[in-house]
Amino acid sequence: MPDRIEQLLQNRTLPDKELKQLIETDAYDCALFARADEVRRQYYGTDVYIRGLIEFTSFCRNDCYYCGIRRSNRKARRYRLTKEEILRCCREGYALGFRTFVLQGGEDGCDTDDRMCGIVRAIRETFPDCAITLSLGERSYESYRRLFEAGADRYLLRHETANEAHYRRLHPAELSAGRRKQCLWDLKEIGYQVGAGFMVGSPFQTTENLIEDLRFLQELKPAMIGIGPFIPHKDTPFADFAGGSLKQTLRMVAILRLMFPYALIPATTALGTIHPRGRELGLQAGANVVMPNLSPANVRGKYELYNNKIYTGEESAQGLERLKKKAAAAGYRIVTARGDVFGYKKTDVCNGHL
Ligand code: 5AD
């Protein structure tokens, strides 16, 4: 079996059958994580990039069955930050050393192009040396284009699952995997550094689905790949489903690192939520980004995509020092560089795959 890992390391890809075996056994996790860590050190050293996450609205027009801020959840506490509040988060983050701001929110009808472009422009003018990442869900090509012109550099939009039938089991009829993927292609064409990704262990997910996710990513070649375990939220239709496991998520992180050596792969909040050392373990399995929360303390509890989301402090900007110590103890170094990935060098493309 370690041959499989070597083969993956050499070719940056594996046939479906071998991938399936790798995904379904925990027998070789140690070797897999060690190889992933090697590749990550080869490409990125011990550097860990930090992104300041600003969860600026918990209103959402969508009704995804897994998500705590879905529109049908009457118990969700809704809030929306003003432009001034968002800028205050950025100022605080900048002083702490953040050079990337991620504006993430539900699909809030109030976030018109005019409002969002105004916010992006203000951040761009105030912090010309920073990267602006948007994560606002599905919008039109024209809207993405305007936001890019206004100064946004990157866009995160998880594809959630590449399989249309699986997508339909996780979302209401008005949403489709096809539309989701089209948004990602649009974003790429416009010139954004794009982030895609999926949940591990989401309801009805099969190994074949995960392989399809990897194949889609090989096609898309995103700069960033965000994955985390599915965590049930009690006020959603998926309340009684099992969550994704730590092991399976770490295994997928490691496989991603071997397939996409250049990718920015975050050790996500969801990973930190299911295990006290989840994020450090993520880093040791090949992840190289963490996204501490820069949202104002009084709204943090309200952006509840899943239950028990961590607010221990390390995920907050104020806890940055502690996070640095934890990363150092795990063998890594938090850096403040923007950490851009514009594309892949030709030499990193092997057999047509990354
Ligand atoms: N568990 C884990 N991740 C979730 N997300 C939404 N709901 C959940 C959940 N219950 C993820 C989705 C989305 C991202 C912002 O959060 O993948 O793209």
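**Close-up views of the ligand and the cavities**

View 1. A ligand nitrogen atom lies 2.9 Å from a polar backbone atom of Tyr 66. A polar contact here is a pair of N or O atoms within 3.5 Å. The model is predicted: local features need pLDDT of at least 70, side-chain atom pairs count only at pLDDT 80 or more, and totals for chains, interfaces and linings use all residues. Residues are numbered from 1 along each chain as its sequence is written, and side-chain values use heavy atoms, without hydrogens and water. A ligand oxygen atom is 2.5 Å from an N or O atom in the Glu 160 side chain.

**View 2. The shell around the ligand.** Residues around the ligand include Cys 67, Gln 104, Arg 158 and Phe 230; each has a heavy atom within 4 Å of the ligand. The shell has eight nonpolar residues, one polar and two charged. Ala, Val, Leu, Ile, Met, Phe, Trp, Tyr, Cys and Pro count as nonpolar, Asp, Glu, Lys and Arg as charged, and the others, Gly among them, as polar.

**View 3. The lining of the second largest cavity.** Among the lining residues are Arg 51, Thr 100, Val 102 and Leu 264. A cavity is a set of points, on a 1 Å grid over the protein atoms alone, where a 1.4 Å probe fits but cannot get out; lining residues have an atom within 4 Å of a point. The lining of the second largest cavity divides into six nonpolar, three polar and two charged residues.

Note on methods:
Polar contact = N/O pair within 3.5 Å; in protein donor to acceptor, adjacent residues only side chain to side chain. 1 Å grid on protein atoms, 1.4 Å probe; cavity = no way out; pocket = protein on both sides within 12 Å on 5 of 7 lines; lining within 4 Å.
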